[in-house]
Amino acid sequence: MKKPPGSKDKRKRSHDPSRRDFLKGVGIAGAGAAVVDKFWIEDETTEAEAQAKTSGAVSGSVPIVLEINGQKRTAQVEPRTTLLTTLRDRLDPALTGPKLVCDMGTCGACTVLLDGKPVYSCLVLAVDAVGKQITTVEGLGSPEQLNSVQAAFVEKDALMCGFCTPGFVTTISAYLKENPSPTLAEVREACKGNFCRCGTYPRVFEAALAAAKNAAGKR
Amino acid sequence: MQEPQAPPKKKKKIRVPKVINGVETMVEIEVDEDAGPGWGPNNGHTLLNHRLTRVDGPIKVSGTARYTYDMRVPNMLYGRILLCPHAHARLTKFDSSAASNIPGVKAIIQSPLQEYRFAGAPVAAVAAVTPEIAQDAVRAIVVNYEVLPHVVRAEDAIKPGAPKVVPDEKEENLQQKNKAGDPQKVEAAFNSGDVIVEAEYRTPRIHHACLETHGVVVDYSGGDAATVYASTQGTFTIPGDAADALGLPQSAITAIVQHMGGGFGSKFGIGIEGMLACKLSKETRAPVKLMLTRNDEFVMAGNRSGSWQKLKAAAKKDGTLVAVRATQYRLGGLGGGSQAGQPYVYHADEFYREVFALHTNEDSSIAMRAPGHPQASFAMESLMDELAYKIGMDPVAFRKKNLRDEAYHRQLDRGAREIGWDKRNLTPGANPEPLKRGLGCAVGTWGGGGNSECKVEVRVSRDGSVNVAVGTQDLGTGTRTFTRAIVAEELGLQILDVAEQIGNSNLGSANSSGGSTTAASLSPSVKDAAIKTRLALAEKIAPLFGNPKPDEIFFANGKATAGSKSLSWKQICAALPAAGVTAHGEWRSDLQGRGVHGVCFAEVEVDVETGKVRPIKMVQVQDGGLPLNRLTMESQINGGMIQSLGMAFWEGRVIDAKLGLQLNPGFGDYKLPGSLEIPEMVPIIDDGDKREVVIGIAEACIIPSLGALANAVFNACGVRVRELPITPDKILMALNGRKAA
């Protein structure tokens, strides 16, 4: 589970004696930080905390304008709303190409381009994306007019269930702009931030190399 | 249309797999003895057995394919679940008043249970206007627990006096499930062997880690009907469960499964999350979307059971496996777990096995791709390898000696050629360099037969468009693509000339995708529908050709031909009545088969200074009768190898014994194989299999690689790690142990 950005709860928690006991029980003094985040939400809520939550506004929302796939789009967001959630849940019509999978910046399924650079949109706050050019997988090509990477993915069968695919396509499309004729090792390195569970990797690599080759042929 | 009604058909009884919650049981059914036209030779197809790009490829690569997680309907609320943070606890206080006062929170429902037996058990669920507010609400619920004794380690659970895991206090944590063979005979047989190996093998619990988490979108706003979008492997497993939870008749529920982001055995039925979503929707009279968070997916959505296997085996110097004795523990947490019986695929003169379920306070295991097989295969293949080295025999030759099915012999030869088996270390670990390479191999088997549940409709319209409809689901296996291809091939068309409709419970019935039964259940029904369509079409257009018999009109290359006359597809369809032509297909047992074989060879490099293993190459040879689509079949073989690779070296649920909590419920700590770990991969379809029938292969592909990789590690560095995952610490410990000894 993702910690809402800007929340003060974490600090408050660290003074909670039951929490210290909990950590002692885990016995992981060194690896504390990571584990704290992990169990932070699972821990029991005290009444005082519950009251604190309802005593004031949890948060407010503001309208923002984002530039997505060349269009200006408006959305109502909270300060803590991520770019990913904004695309998927706050736009109408939504952009659901970027997928919500881990919500903590480990899997790459939510990858979008921010001013041309791939980012995990689950780690970007929507308010921080204002004024930047956002490109989602939908902006790279359409089913009728696939970009060279998308076409190569279909051709090489670099997808199965397809849930990781938008992330890989976005990552690789951006990478080939930076390095138009990569080696296999460079392709592996470029998509090391994307996970696939069905096991499409070998064909993702093939597709990336084929897309590069096709583009080179056209130049 | 001539759907042959005349003389009653002769029937015969056959046994087919029926899959319930991903686990198959065999049932007897009656089928027609007189079959009808077959598939023809495997090399005689125009579309099938070719490399077909998937028909849903373009929408998936462009992000326009809509999964359940992508659905948003007007006025939809977001659901979230509160989980029990203790491995065993009794509820003493539940106060949701603060949570329900948060603006935007619409409903909070509580689990009827008062006692929770694993960390992650759902306690309550909320519905709110945004996902963020739903999360706030979950955190604002005040729950107190009386923490009760728990046990999460197998070694502890088996001890007398261990905390009782199962609710029935009379039931022990250890429960015998079955036994087979003769214990006396096997003891006697041990004496006839020249060598004996006795060892324990362990595999941890593995997570499906579907990228799309479990969940549903319940589109219900009161009234008398509901639509449920579900990430499921069984379209038809949804309406019944949803009807119960919503209090509607089953016929009022439509389940929709257009695309789904991975299941691997974990997604049958609506699940607890689906029931909670329905109840929230019923209470609020508003649509509810409830997709599990990644953390919740790890701790409450099931897993592959772990295993603890104590094996003893004897072999003669000539390679005959004379005796195998096995004590097998299935580690399924609250569930029973699964484990194929030893000696797995091998023939032993005598064997005896006892299989137990050993319960712990952990989320119940559920089906996962080839339930119970990778665990059994890893142990048995490691054991076979140990025996082979002990008698000084080539591990491939030793396997052949004890495998009676010729298919394995053919595949072992093929795989050995591809990997370069001759370059293996005759003395494991002998290479003096710190980076040591080694080779290993293993074999696996699966059923993959179909059952009679699929009803398919094909419709040809007057404008020439063709539609094939059936309620089945595509898990990413390529179901849509082969469904189209079968119809297109039968009618002499191209794949883009046909459209398919699937993933809707209002369409013709279909089985759940479990046990690799989809291809062998669906494709015969599609083929039957396509044949009937062709004959019905031929009958309607016969006047255009001077009234030949229906089977004297041939459909190929977008044309119909009878004698010397050819007409285009558009021309013949224009002659159809306004309603076009419709035909319905039923399953035919003669178009499918059962029983597949696969072998895997692996090469790895072990750094004996760091213990790190680098996979170099994997080769898998897999048969499956008629390959419906070579491209997607190869992808499946790759996928099986890669999931196996993860199990071999990185994956495993890590649980804290004292707290009973999973320590790695996220992709940061639960290590999936990534792009840097993937070796050169060679998926080989075994065309030596001449069976002209369709057989499912999805599960088969995940089985043999574990053994092959583990054996390659041994061949590389000379020490054997008998507990998965094979991590650097275990290799270094084993190397140190050897030095000490």
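Biologist: What should I know before I start?

Modeller: This is a predicted model, where local features need pLDDT of at least 70, side-chain atom pairs count only at pLDDT 80 or more, and totals for chains, interfaces and linings use all residues. Residues are numbered from 1 along each chain as its sequence is written, while chains are lettered from A and ligands numbered from 1 in the order in which they are written.

Biologist: How many helices and strands does chain A have?

Modeller: Helices (H or I, at least four residues) and strands (E, at least two) are DSSP runs, numbered from the N terminus. Chain A has nine helices and five strands, and from the N terminus on they run α-α-α-α-β-β-α-β-β-β-α-α-α-α. Chain B has 17 helices and 28 strands.

Biologist: What does the radius of gyration say about chain B?

Modeller: That radius is taken over C-alpha atoms, and the globule rule is 2.2 Å times the number of residues to the power 0.38. For 741 residues a compact globule would come out near 27 Å, and chain B, at 28 Å, agrees. Its C-alpha trace spans about 90 × 75 × 45 Å along the principal axes.

Biologist: Which parts of chain B touch chain A?

Modeller: Two residues are in contact if their C-beta atoms, placed from the backbone, lie within 7 Å. By that rule, 63 residues of chain B are in contact with 65 residues of chain A. Elements giving two or more residues to chain B's side include helix H3 (131-140), strand S8 (142-147) and helix H15 (630-649) of chain B. The largest share, eight residues, comes from H15(B).

Biologist: Can we look at a single helix? Is H7(B) largely enclosed or open?

Modeller: Start with its length: the expected span of a helix is 1.5 Å times one less than its number of residues. Helix H7 (residues 271-284) of chain B has 14 residues and reaches 20 Å from first C-alpha to last, close to the 20 Å expected. Since 11 of those 14 residues are buried, H7(B) is largely enclosed by the rest of the structure. Among the buried ones are B:Glu273, B:Leu276 and B:Lys279. After H7(B) comes B:Arg285, with a positive phi near 50°.

Key
Buried ≥ 20, exposed ≤ 12 C-beta atoms within 10 Å, placed from the backbone.
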